[in-house]
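Student: Can we go through this one together? I'd like to start with the fold and then look at the ligands.

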Amino acid sequence: MKKALITGITGQDGYYLSKLLLENGYEVHGTVRRASLINTFRIDELISNYRNGELTLHYSDLLDSASLSSLINIIQPDEIYNLAAQSHVSVSFKNPVYTTQVGTLGSVSILEAIRSKDKVIKFYQASSSEMYGGSSKEKLNESSPFNPKSPYAASKVFAHDITKIYRDSYDLFCVNGILFNHESPMRGETFVTRKITRAVGRIKMGIQKKVTLGNLDASRDWGFAGDYVEGMWMMLQHENPSDWVLATGESITVKSFAEKAFEYVDLNYEEYVESSEKYFRPNEVDFLLGDSSKAKKELGWKPKTSIDELIKIMVDEDIKLANREKVLIDENLLKPTWENPSS
Ligand code: NAP
Ligand code: F7E
């Protein structure tokens, strides 16, 4: 039985990746941060389905290199997936030092711990399309230059480079997955796709009136997270370590995404979507479009879910959630607080 250690198991990708690995017979270990409220809601279903030692959670933090090193010593994993990060680009401008610390120290701490072991431990680093900066309309691949535009993106460039440096210097099996945006019903609610689909569900159920977004002209290459975690796993099964882009090869604007999501429930987005400077960023990544032909050729990976299917999956789930919220509101057990989110 293979053992995997996942940092950031409580996040969107942590859920889909741990599900995939558990279904494939892995023993999965994940790091969680202590918080005043329990925040394992995404993986609660997995915790209750895998109670016989298949899934174990450990307290850790990417800033605590001692805890990471000791976990690696105790678990002796075959594969480590470093998914943890302060992953919100807009928040990275507000918490730049923290975002940079987490994004940079975590990867190098894990790589150092791996280097000191005799065992071959394969390492996956969650790199990001944000590293490109998105100033041109070109399709971006593994050779395209990086031009980070946020503290988040700069920290990801460091982690990407240090992963390559450890691969080249110490012959470690380290890979960078340069993933373009990937979404799902497990996406954090302040990322734009989920902010939109949450609003569509609530507006359809009559418990929200409008949604205020930022730059509607920004364009992204959006895929489904469930497809992308398969690619992460494939990278660690490949014969040789390298860097691979995962993307759909199609890019649409925030406005088009909103139009499609509202249209799916027979509503006109123009009646419900507003734009406010409040949600604009100090430095915008205007356009991202990825070319994943290397992943297709070498890993046999390709995205299975179209943008229209993704929107359907997300809106359907968010209508169910809004339905449950409506019942609670009608019974005075919940107050709507979602009209003015902070990001
Ligand atoms: P996410 O939902 O924001 O999850 C981030 C995870 O990191 C959560 O489990 C979070 O824990 C954990 N975390 C945050 N700070 C930490 C710290 N100091 N120590 C330990 N854990 C910490 O992100 P995601 O969408 O799943 O993305 C996974 C990774 O891929 C991230 O590194 C992200 O930057 C990168 N990425 C994402 C995309 C995308 O489109 N989703 C694209 C490219 C790259 P809590 O639950 O306690 O907050
Ligand atoms: O923004 C615009 C915003 O926050 C997408 C992270 O997973 O993917 C994600 O980063 C675009 C931007 O994702 C709102 O200005 C408009 O241009 O959903 P987002 P992101 O910044 O692309 C990359 C690949 C990662 O690596 C990151 O970890 O949408 N936008 N109006 C808005 N964005 C937000 N959040 N909220 C709005 O109201």
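Student: What should I know about the model and the numbering?

Tutor: This is a predicted model, where local features need pLDDT of at least 70 and side-chain atom pairs count only at pLDDT 80 or more, while totals for chains, interfaces and linings use all residues. Residues are numbered from 1 along each chain as its sequence is written, chains are lettered from A and ligands numbered from 1 in the order in which they are written, and side-chain values use heavy atoms, with hydrogens and water left out.

Student: OK, what is the strand order in the open sheet?

Tutor: E3-E2-E1-E4-E5-E6-E11, seven strands with parallel pairing. Strands here are DSSP E runs of at least two residues and helices are H or I runs of at least four, numbered from the N terminus; two strands pair if DSSP finds at least two bridges between them.

Student: Why is one side of E3 and of E11 left without a neighbour?

Tutor: Strand E3 (55–59) and strand E11 (243–246) are at the edges with a single partner strand each, so one side of each has no neighbour in the sheet. From one strand to the next, the twist averages 20 degrees. Axes are lines fitted to C-alpha atoms, for helices over the stretch in contact, and angles run from 0 to 180 degrees between N-to-C directions.

Student: How many bridges join E1 and E4?

Tutor: Four, in the parallel sense, between E1 (residues 3–7) and E4 (residues 79–82). Thr-7 is opposite Asn-82 in E4.

Student: Which strands does H3 lie across?

Tutor: Helix H3 (residues 65–75) lies across E1, E2 (27–32), E3 and E4, at about 165 degrees to E1. Helix H6 (residues 151–170) touches E5 (122–128), E6 (174–179) and E11, and makes about 150 degrees with E6. Contact means heavy atoms within 4.5 Å.

Student: Switching to ligand 1. Which residues are closest?

Tutor: Thr-10, Arg-33, Leu-83, Ser-87 and Tyr-152, out of 25 residues that surround ligand 1. A residue is near a molecule if one of its heavy atoms lies within 4 Å of it.

Student: What do the side chains of Thr-10 and Arg-33 do there?

Tutor: An N or O atom in the Thr-10 side chain is 2.6 Å from an oxygen atom of ligand 1, and the corresponding distance for Arg-33 is 2.8 Å. Tyr-152 has a polar side-chain atom 2.5 Å from an oxygen atom of ligand 1. A polar contact is a pair of N or O atoms within 3.5 Å. The protein buries 90% of the 900 Å² that ligand 1 exposes when taken alone, with areas from the Shrake-Rupley method and a 1.4 Å probe.

Student: Which element gives the most to that shell?

Tutor: E5, with three residues. Helix H1 (12–23), helix H5 (96–115) and H6 are among the elements that each supply at least two.

Student: And ligand 2, what surrounds it?

Tutor: 23 residues, the closest being Ser-87, Ser-128, Tyr-152, Arg-281 and Glu-284. An oxygen atom of ligand 2 is 2.6 Å from an N or O atom in the side chain of Ser-128, and for Arg-281 the side-chain distance to an oxygen atom of the ligand is 2.6 Å. A polar backbone atom of Thr-190 lies 2.8 Å from a nitrogen atom of ligand 2. Of the 700 Å² of accessible area that ligand 2 has on its own, the protein covers 96%.

Terms used
Polar contact = N/O pair within 3.5 Å; in protein donor to acceptor, adjacent residues only side chain to side chain.
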